[in-house]
Amino acid sequence: MGERKALEYYVLDVFSNESYKGNPLSVVFTDGNLKLETYQDISKEFGYSETSFVYYSVREKALVVRSFTPTGIEIDGAGHNLLGAVCGALLKGIPIFDEQNESEPFVIMNHSAIPVTVSFDLDTFFPVVKMHQKSAVIKQEIPTYRIAVALGLKIEDLDVNSFVPTIVKTEVAHTMVPIKNSQILNSFVPDNQLLIQISKEYNFEGFYCFAPADEGLDHIVETRFFNPIIGINEDPATGTAAGPLIGFLTEKKFTKSDKEYKILQGVKLKQPSMIEVMNRDEDILVGGSSIITMKGELYI
């Protein structure tokens, strides 16, 4: 055996400033691109819903991010996989924005520049990263009874009065599913085969189930996310679904533009995550903070 190459990695808990909460993500620091098989092997070994690989490109003057699921699929949506990667690079002290125009910082993912905004939490000094997603595109509605059956719920458990299940897309198309209250939201066990069937038939990925929060809480809605078609049974924090949801809620006049709201996700998984969202005229901001929970070396 020759010398094996060591790569440093962090495991971050994303959408949280407390370890063992939020959505765990491994971020692997590389010197450039690896072989496809290596990305897939490492992602499978970690087993998190996604693993992000990052390096600073001198040519692009930016951080380059690639993310893979444990089943080997490369992800193009900017969710916790991107947010955690940017936080990881900043916490590691890589000067990822130094050669860029200060007013327009960006990172590269799938060969395109993704604008981000970074601030630092005044108490913890952790970076708070906000991703700019495209404005929400509201697509077709799905019959309520089909989703109710797939979730193991009655039709009346889905709050049909104000909202019906609707496919919405910013980066990735997901279905927004209204649930009457957070008790019902945290009680059901979905049938993954039925969810996959609906996803294929209507051509979208995951199901973002949301319930209105009680008055006086920090968050406006509580959510759960299921994406079995790409192998995620339930996810504790989903940036690619939070963007479409704030777009949808704004369209339905439930929330206002240019105002920050918080979405609570992951309670059922005991990984509560707080996602900050804002609908704007030209884009949607989705953000939060991350904390390093583990670090180490892996060998290739």
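Start in the loop between α3 (144–151) and β10 (166–169), and select Val-160 there. This is a predicted model. Val-160 is partly exposed, with a relative accessible area of 32%.

**Zoom out**

Show the whole chain as a cartoon. Six helices and 17 strands make up the secondary structure. Along the principal axes, the C-alpha atoms fill a box of roughly 60 × 45 × 30 Å. How does the radius of gyration sit against that of a compact globule? For 300 residues the globule would be near 19 Å, and the protein has 19 Å, so the two agree.

Of the 300 residues, 55% are buried. Next, look at the contacts with a separation of 6 or more: 64% of them are between residues 24 or more positions apart.

**Into the core**

Hide the surface. In soluble globular proteins, nonpolar side chains tend to be buried together. Here the largest nonpolar core has 45 residues. Which of its members touch the most others? Select Leu-82, Tyr-208, Leu-245 and Ile-275 to see them.

Centre on Leu-82. Setting aside neighbours within four places in sequence, Leu-82 is in contact with Val-65, Val-107, Met-109, Ile-114, Val-116 and Met-131.

**Salt bridges**

Side chains of opposite charge can pair when their charged atoms come close. This structure holds 13 salt bridges.

*Lys-5 and Asp-31.* Show both side chains. They meet in a salt bridge, 2.8 Å from N to O. The two residues are 26 apart and link distant parts of the chain. Lys-5 is in the segment before β1 (6–14). Asp-31 is in the loop between β2 (23–29) and α1 (36–46). Which side is exposed, and which partly exposed? Lys-5 counts as partly exposed at 38% relative accessibility, while Asp-31 counts as exposed at 64%.

*Arg-59 and Glu-60.* Move along to this pair. Their side chains form a salt bridge with an N to O distance of 3.8 Å. Arg-59 is exposed, with a relative accessible area of 73%. Glu-60 is partly exposed, at 30%.

*Lys-130 and Glu-260.* Select these two together. The N to O distance in their salt bridge is 3.5 Å. What does the pair tie together? Lys-130 lies in strand β8 (residues 127–133) and Glu-260 in the loop between α6 (239–251) and β15 (261–265), so the bridge joins parts 130 residues apart in sequence.

Is Lys-130 buried or exposed? Its relative accessibility is 16%, so Lys-130 counts as buried; the cut-off for buried is under 20%. Glu-260 is partly exposed, with a relative accessible area of 35%. Salt bridges that share partners join Lys-130, Glu-260 and Glu-276 into one network.

Note on methods
Residues are numbered from 1 along each chain as its sequence is written. This is a predicted model: local features need pLDDT of at least 70, side-chain atom pairs count only at pLDDT 80 or more; totals for chains, interfaces and linings use all residues. Side-chain values use heavy atoms; hydrogens and water are left out. A nonpolar core is a set of buried Ala, Val, Leu, Ile, Met, Phe, Trp, Tyr and Cys residues joined through side-chain atoms within 4.5 Å. Buried means under 20% relative accessible area, exposed over 50%, partly exposed in between (1.4 Å probe, protein chains only). Contact means heavy atoms within 4.5 Å. Helices (H or I, at least four residues) and strands (E, at least two) are DSSP runs, numbered from the N terminus. The radius of gyration is taken over C-alpha atoms; the globule rule is 2.2 Å times the number of residues to the power 0.38. A salt bridge is a side-chain nitrogen of Lys or Arg within 4 Å of a carboxyl oxygen of Asp or Glu.
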